[in-house]
Amino acid sequence: MQKVSLLVTTYNSKDNLAATLQSIRIQDYAHIEVVIVDGQSEDGTIDLIREFAAQYPCQNSTAPPSCGQDGSLSVRWVSEPDKGLYDAMNKAWSMCTGDIVAVCNDKLCTPDTVTKLVRAIIRGGDGCIGAHADLIYVEGEHIVRTWHMGEGTLESGWMPGHPTLFLKREIYERYGTYDTSYRCAADYEFMVRFLKDKENRLAYVPEVLIAMFYGGTSNAGLRNYLVSFREGYLALKKNGIKFPLLITLKRTLRVLRQFR
């Protein structure tokens, strides 16, 4: 069984983190490594992390890779200042040891979410580098957006939902990690980087498997969205994709259709 590393980054967001960790706790997949990077929170988040980690055999960044090999969930964590979300995500990546890696800052909707995405990767064959699924954006119990990802191409304005994305470790090793010069769209630039290589295929699970907490870096207000729009355009241009402005407009229209 392949080890799955779930990368959790947090800063003064205790309630959301509690929901994330609880959704991980109930997963039926037997070989999960949780890597938590906290930006030195002051709202009780660190106590929550300590309580969670104490229940499992691997509790810090120096724990050996063999931790969790008996099928139990394992935890590595650190709390220290960072330079923002994408720096924290890169730090979590540097700490992880999994064969399959996913950023997990939201809620896994079902106990078999990890199982379904891993199974999709395996069924995808040698050319399949990862898997993604549908997601919802939530404020409490209210669904703000429903994102049915489907399948498509970058040129059509399509993109996988980064919060649902499970990738083979080799993709990070081959294409690098998140570019911290981006404020809102480093995740999009990262996906453009490996999806422009047409030989890389993603498996798609047509189910809502992730509930994303609304108000994240790219959707917290009009100003951030405008920054995200500009950075999305720059990400396409940087990676040599033709007609970056047209593609960015198409992507925006896809986003607008999700609201209800």
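Helix H2 spans residues 45-53 in this predicted model, and aspartate 47 and arginine 50 both lie in this helix, three residues apart, about one turn. The two form a salt bridge in which the closest N and O atoms are 3.6 Å apart. Aspartate 47 is exposed, at a relative accessible area of 53%, while arginine 50 is partly exposed at 46%.

Side chains of opposite charge can pair when their charged atoms come close. A second salt bridge joins lysine 91 to glutamate 80, with 2.9 Å between the closest N and O atoms. This pair links distant parts of the chain, 11 residues apart: lysine 91 sits in helix H3 (residues 85-95), and glutamate 80 in the loop between strand E3 (74-79) and H3. Lysine 91 counts as buried because its relative accessibility, 17%, is under 20%. Glutamate 80, at 31%, counts as partly exposed.

Glutamate 207 and lysine 116 meet in another salt bridge, 2.7 Å from N to O. Here strand E9 (residues 201-213) supplies glutamate 207 and helix H4 supplies lysine 116, 91 residues apart in the chain. Glutamate 207 is partly exposed, with a relative accessible area of 33%. In total, the structure holds 11 salt bridges.

Helix H4 covers residues 113-123, and its buried residues include Val114, Leu117, Val118 and Ile121. Just after H4, glycine 125 adopts a positive phi of about 85°.

Key
Residues are numbered from 1 along each chain as its sequence is written. This is a predicted model: local features need pLDDT of at least 70, side-chain atom pairs count only at pLDDT 80 or more; totals for chains, interfaces and linings use all residues. Side-chain values use heavy atoms; hydrogens and water are left out. Buried means under 20% relative accessible area, exposed over 50%, partly exposed in between (1.4 Å probe, protein chains only). Helices (H or I, at least four residues) and strands (E, at least two) are DSSP runs, numbered from the N terminus. A salt bridge is a side-chain nitrogen of Lys or Arg within 4 Å of a carboxyl oxygen of Asp or Glu.
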